[in-house]
Amino acid sequence: MAEETTPEPETLLTLSDPKAVLSLPAGDGVRDSASFALTADGETTVAIDIVSADGATVVTSLAPISLTASALTANITVNVAGLPAGLLSVKATPTLGAPVTSPLRVGSGKPTKATVSLNPRTIHTWSGSSARSTVATVSAVDETNLTIPFTGTVTALVGSAKYSAAVTSPRGAAATATIPASKLKAGSGTVTATVTANGAKATSNAAALTVRTTAVASTKIARSTSVVYPTKDGYKDSVKLTVSSTTTTGSAIPVTGTVKIINSKGKTLKTWKLSSSKTWSGVWNGKSGSRVVYGKYTVKTSLKGPEGTTRTASTTVQVKKGKLVSKSLKTTVKANTILTSYLDLGDWDYNDCWQNYYVLGDIFCDGDDSIDGLSLLASGTRTVPTAVVNAQKYGGAKVRITAKVSSLYGDAAWGYAPAGKDLSKSTAIRSTGNNSPGWFTLPATTKKLDVLLGLGEYSFVGIQTFTVEYSYKVLSTK
């Protein structure tokens with residue numbers, strides 16, 4: 001009988017899965033090789049093949065690896081040289097046992113996408129600007145979405161001006177190129193990059209670039225009044241001039257400029273110098289030195305930035321003879337011509353006012369009961385004379401009304417205000433005789449006054465007349 005033999009055991013292999021990616025071309029120093037760890041559970045000789053993703057085709061074979069009892073692990077180094085682009089596998093096959101595989105991807109190294117970005121996106125042609133150039137940053141990837149080495153050109157196109165600069169990335173890092181504004185013209189344009197890698201080309205996105213000059217775009221001059229009366233009386237004694245400008249940069253820039261006062265003969269009477277496009281204000285008193293010459297004057301501003309054209313604007317101011325003089329009006333009227341309405345604020349309808357009570361034209365108001373301390377309210381309206389209304393534009397128009405009180409008991413108060421306004425002048429009535437809250441400055445366009453009289457509980461007051469006084473100013477050209 002033949003002697004039976006024991007079959008040799010199969011070897012169990014493990015192969016690391018580093019998710020390795022190699023990139024063509026070989027020898028450029030970028031992902032040229034990858035390592036895989038091979039481990040066996042016993043001595044064996046392992047055949048190493050690079051195969052297609054489906055395992056059907058052997059692309060290349062590497063030198064076999066012998067694993068011994070003293071060294072059951074080894075590294076497999078795969079070089080990209082000679083490999084095709086695409087999805088492959090590293091296949092390790094023991095002498096006895098099942099093979100194991102680990103995926104391997106080989107990138108073509110040909111650009112599938114190029115990108116360019118700018119910092120800053122706005123640059124200026126003026127030599128004094130802080131942003132006179134921009135840096136274009138370029139990168140490229142292949143189908144593995146990993147960066148690859150490349151050479152290329154960055155091109156800036158703004159209007160008819162074109163500037164190009166070379167970029168190189170020997171190891172796949174982003175490459176930069178500086179684009180100076182001095183090589184371009186003002187306007188809006190784009191920057192693109194064209195890259196070449198492993199014999200193929202790709203064009204990047206278009207990054208927006210704005211090139212600006214540092215110039216005055218527009219200027220204007222405003223005046224606080226069109227007429228000056230150079231007399232120190234508080235009414236249009238001077239004119240405030242304000243120059244405001246816009247610039248091509250959108251912010252303040254240095255300028256060379258002036259604001260001039262020019263008479264009808266073309267002679268400059270006064271000059272202010274401007275050094276910034278910031279809003280400027282100045283005051284002119286309508287005089288040439290200490291002299292007053294009546295007439296029409298031109299106010300002209302002229303501004304020029306570091307670049308661009310000079311911008312101008314002008315307005316006119318007329319210097320006229322005139323000063324404010326004080327006027328007054330005074331009249332005394334019957335009390336019943338001003339206080340014409342009465343409102344009972346109590347519960348019992350006992351509160352009332354009577355006309356012609358003591359003398360013809362007077363008012364006598366009697367308040368007995370109240371709900372909240374106020375028993376009766378008398379009111380009326382007084383029309384402001386037209387001359388006073390017209391004078392309110394000059395400022396300082398005032399009114400004072402004085403009541404001639406004939407009888408008094410208890411608590412009473414009265415006052416006046418512009419019709420329909422909360423602002424008022426009021427006082428308590430303490431005794432018979434003349435009583436007034438005092439002078440009240442009239443807001444502009446006050447045409448009517450409200451006059452109010454209020455009584456407390458168990459109080460009465462009699463008023464014979466009201467004396468209405470106005471103090472105001474008018475413009476005199478004498």
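Q: What makes Cys 353 and Cys 365 a disulfide?
A: In this predicted model, the sulfur atoms of Cys 353 and Cys 365 are 2.0 Å apart. The cut-off for a disulfide is a pair of cysteine sulfur atoms within 2.5 Å, so Cys 353 and Cys 365 qualify. By this rule the count comes to one disulfide.

Q: Which parts of the chain does this pair tie together?
A: Cys 353 belongs to strand S30 (residues 352-355) and Cys 365 to strand S31 (residues 363-367), so the link joins parts that are 12 residues apart in sequence.

Q: What is the handedness of the link between Cys 353 and Cys 365?
A: That link is right-handed, with 110° about the S-S bond.

Q: Are Cys 353 and Cys 365 buried or exposed?
A: Both of these cysteines are buried. That word is used for a relative accessible area under 20%.

Q: Why are S9 and S14 called edge strands?
A: The open sheet has three strands in the order S9-S11-S14, and their pairing is antiparallel. Strand S9 (113-119) and strand S14 (175-180) each pair on one side only, and they are the edge strands. From one strand to the next, the twist averages 25°.

Q: How do you know that S11 and S14 pair?
A: Pairing takes at least two bridges between two strands. Strand S11 (residues 133-141) and S14 have six bridges, in the antiparallel sense, so they count as paired. As one example, Thr 137 has Thr 176 in S14 as its bridge partner.

Note on methods
Residues are numbered from 1 along each chain as its sequence is written. This is a predicted model: local features need pLDDT of at least 70, side-chain atom pairs count only at pLDDT 80 or more; totals for chains, interfaces and linings use all residues. Side-chain values use heavy atoms; hydrogens and water are left out. Helices (H or I, at least four residues) and strands (E, at least two) are DSSP runs, numbered from the N terminus. Axes are lines fitted to C-alpha atoms, for helices over the stretch in contact, and angles run from 0 to 180 degrees between N-to-C directions. Buried means under 20% relative accessible area, exposed over 50%, partly exposed in between (1.4 Å probe, protein chains only).
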